[in-house]
Amino acid sequence: MNPSLEVRWSCLVSRNSDVNPTATLVEIRGLKKSFDNQVVLAGVDLDLRRGHTVALLGVSGSGKSVLMKCVLGLTEPDAGSVRIDGHETVGLGQTERLLLMRKVGVLFQNGALFDSLPVWQNVAFTLLSSRRVSRGCARRVAAGALTRVGLGADVIDLLPGELSGGMQKRVSLARALVGDPEILFLDNPTAGLDPVLTGIIDSSVAASLEHLQAIALVITHDLTSAQRIADRAAFLSEGRIVWEGATGELWRSDLQQIQKFLRASGSHSRHRAG
Ligand SMILES: Nc1ncnc2c1ncn2[C@@H]1O[C@H](COP(=O)(O)OP(=O)(O)OP(=O)(O)O)[C@@H](O)[C@H]1O
Ligand SMILES: [Mg+2]
């Protein structure tokens, strides 16, 4: 890499102990995305602030994953702005984006593990591919990240196909945590898991956020998880964030879309009864 570029961007990827504790780390403004004639994002505004974890809620197909991919630059938005730690990322060159993304850890909805790579290489993938660390060091870092999500040394050399679905989710979470990110994007980290494993993953996420002093956007359909992990919630409907507030306040919303979502999740009456 060009040394001057490395110096210029080193300020972006180093952690600053003298930070504003309430700073906005991710600022999304007017984000729009359509596929052919289908408008998915019609102007999304959302902030992720230091000290907070936001649960992104919305019915299936409302555009939650598209929003996450636009924020990460994996899908190009049609319009709008995404500032990460104050730096505009829409239209950013690939090298500069890769450097900025060192602040970010991602868990994709489908796990996105590489079938042909053993667990430790999946977890240490970014270290092995983009940073100057030895394989031995990368393996040790991967082992540490796996421990954080409750997996032991016995899985480190297995292939993803040799793991249960729940273990694969945990490997994906370990990969998201491996670079000590400041910002985590987790797309359905507990989808398809039983309640016990969901609780274990939620605890791992909460403990990791605390340990890393990181913030997160967690996409989930599971309102119990949302309440366990996130102090704030945002509801995406018809391409916009139609509600945002403290997670526990969601049940007070009069919005029809939210009432319907809560009823469908079986959470509406339980919460009122509780
Ligand atoms: N690359 C693409 N090309 C065309 N349409 C797409 C593409 N990616 C997503 N879509 C469409 O955008 C809409 C929103 O999809 P998205 O995956 O963001 O939904 P979601 O809210 O994450 O749903 P779920 O909760 O089921 O994961 C869907 O109608 C989907 O078919
Ligand atoms: Mg999705």
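## Ground rules

The model is predicted, with local features needing pLDDT of at least 70 and side-chain atom pairs pLDDT 80 or more, while totals for chains, interfaces and linings use all residues. Residues are numbered from 1 along each chain as its sequence is written, with chains lettered from A and ligands numbered from 1 in the order written.

## Strand β3

Five of its five residues are buried, meaning 20 or more other C-beta atoms, placed from the backbone, within 10 Å of their own. T53, A55 and L57 point one way, V54 and L56 the other. In a regular strand, side chains alternate between the two faces of the sheet.

β3 pairs in parallel with β8 (215–219) over four bridges; pairing takes at least two DSSP bridges. T53 stands opposite A216, and L56 has I219 as its bridge partner. β9 (232–237) is also parallel to β3, over four bridges, with L57 partnered by F235.

Six strands make an open, mixed sheet, ordered β6-β7-β8-β3-β9-β10. At the edges sit β6 (104–107) and β10 (240–246), each pairing on one side only.

## Around ligand 1

The shell residues (C-beta atom, placed from the backbone, within 6 Å of the ligand) include F35, G58, K64 and Q109. Helix α2 (64–72) supplies the largest share, three residues.

Methods: A residue is buried if 20 or more other C-beta atoms lie within 10 Å of its own, exposed if 12 or fewer, and partly exposed in between; C-beta atoms are placed from the backbone. Helices (H or I, at least four residues) and strands (E, at least two) are DSSP runs, numbered from the N terminus.
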